[in-house]
Amino acid sequence: MSRQLTFLMCSPRGDKSASHSIGSYLVSLFEEKGIVVKTFGAYRTLKNQEKTEEMIKSVNDSDIILISSPLYIDQAPYMTIKLMDIISEAFQQGKLSNKTRHLFAISNAGFLEYYHNNITLKIYEQFAKQNDIIWAGGLPIGAAGTYAQYPIPEFLKMLEQLPEEDPRNEIYTKPTKILDSVIRSSVNHLSKGEIVPRDELKKLEFIPMPLESYVNGANNGWPQAAEEFGAKDKLRDKPYER
Ligand SMILES: Cc1cc2nc3c(=O)[nH]c(=O)nc-3n(C[C@H](O)[C@H](O)[C@H](O)COP(=O)(O)O)c2cc1C
């Protein structure tokens with residue numbers, strides 16, 4: 001019988017999100033290995049009782065559970081926590097059979113610092129342990145917004161065209177290649193029923209550009225965004241002061 005994976009896509013931004021982009025990339029690699037994937041968007045699943053039950057049944061039948069979620073205020077968002085609560089409750093009520101299952105998680109942070117994801121990944125680990133699911137590890141992604149804009153395979157193709165001396169090679173090509181190789185290796189291990197070695201995941205523990213460049217980029221982007229909305233001259237307004 002084919003192995004099965006339940007993909008919990010936990011961003012309210014749907015197809016435009018990093019959680020979707022990176023998670024679906026893993027899903028495509030799992031499918032290449034013959035693993036059957038069932039995907040559940042957190043928002044639609046929580047809104048609909050039938051869909052919630054379908055998700056529980058899928059978890060019951062699955063060998064692998066994949067969570068891909070944004071990081072909100074250094075934490076997993078409400079919907080991700082709610083999904084974990086529902087699954088834990090189903091375990092406690094004996095609705096799920098005894099079976100070897102692995103949990104793998106992707107935590108997507110907007111800031112550069114991958115380590116902002118560490119506490120959330122620990123919480124996913126705890127969720128696994130409480131429910132007798134094997135914690136297989138997680139990807140701490142920094143600057144995840146890049147991958148919401150450009151899915152990894154397409155991004156790598158685009159970056160191939162950069163001249164060798166282009167500084168974007170350091171801040172985009174290098175990190176994306178490392179991320180791609182960690183993802184591929186994770187999928188290989190997980191599809192063989194193995195956890196992902198800690199040393200492999202540790203390869204993501206780096207900051208791809210100086211923090212000042214990131215802050216300067218954001219500071220420059222702010223007036224540009226305001227201009228698009230015709231609000232450039234309103235940035236210093238204090239509407240709360242009459
Ligand atoms: C309400 C809210 C809180 C956020 N808090 C953080 C945060 O604490 N740290 C961080 O690095 N990014 C934070 N972000 C940015 C998101 O983590 C980032 O945009 C990420 O790519 C979202 O994932 P998604 O594209 O899958 O929705 C926050 C975004 C929102 C909307």
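The structure is a predicted model, in which local features need pLDDT of at least 70, side-chain atom pairs count only at pLDDT 80 or more, and totals for chains, interfaces and linings use all residues. Residues are numbered from 1 along each chain as its sequence is written.

Five strands form an open, parallel sheet in the order β2-β1-β3-β4-β5; strands (E, at least two residues) and helices (H or I, at least four) are DSSP runs numbered from the N terminus, and two strands pair if DSSP finds at least two bridges between them. The edge strands, β2 (36–41) and β5, each pair on one side only. Strand β1 (residues 4–9) is joined to β3 by five bridges in the parallel sense.

Helix α5 (residues 118–130) reaches 18 Å from its first C-alpha to its last, close to the 18 Å expected, the expected span being 1.5 Å times one less than the number of residues. Thr120, Leu121, Tyr124, Phe127 and Ala128 of α5 are buried (20 or more other C-beta atoms within 10 Å of the residue's own; exposed, 12 or fewer; partly exposed in between; C-beta atoms placed from the backbone). These residues lie on the same side of α5 because they cover an arc of only 110° around the axis, taken from the directions from the helix axis to the C-beta atoms. The face turned away from this buried side carries the exposed residues Lys122, Gln126, Lys129 and Gln130. An α-helix has 3.6 residues a turn, so residues three or four places apart point the same way. After α5 comes Asp132, with a positive phi near 55°.
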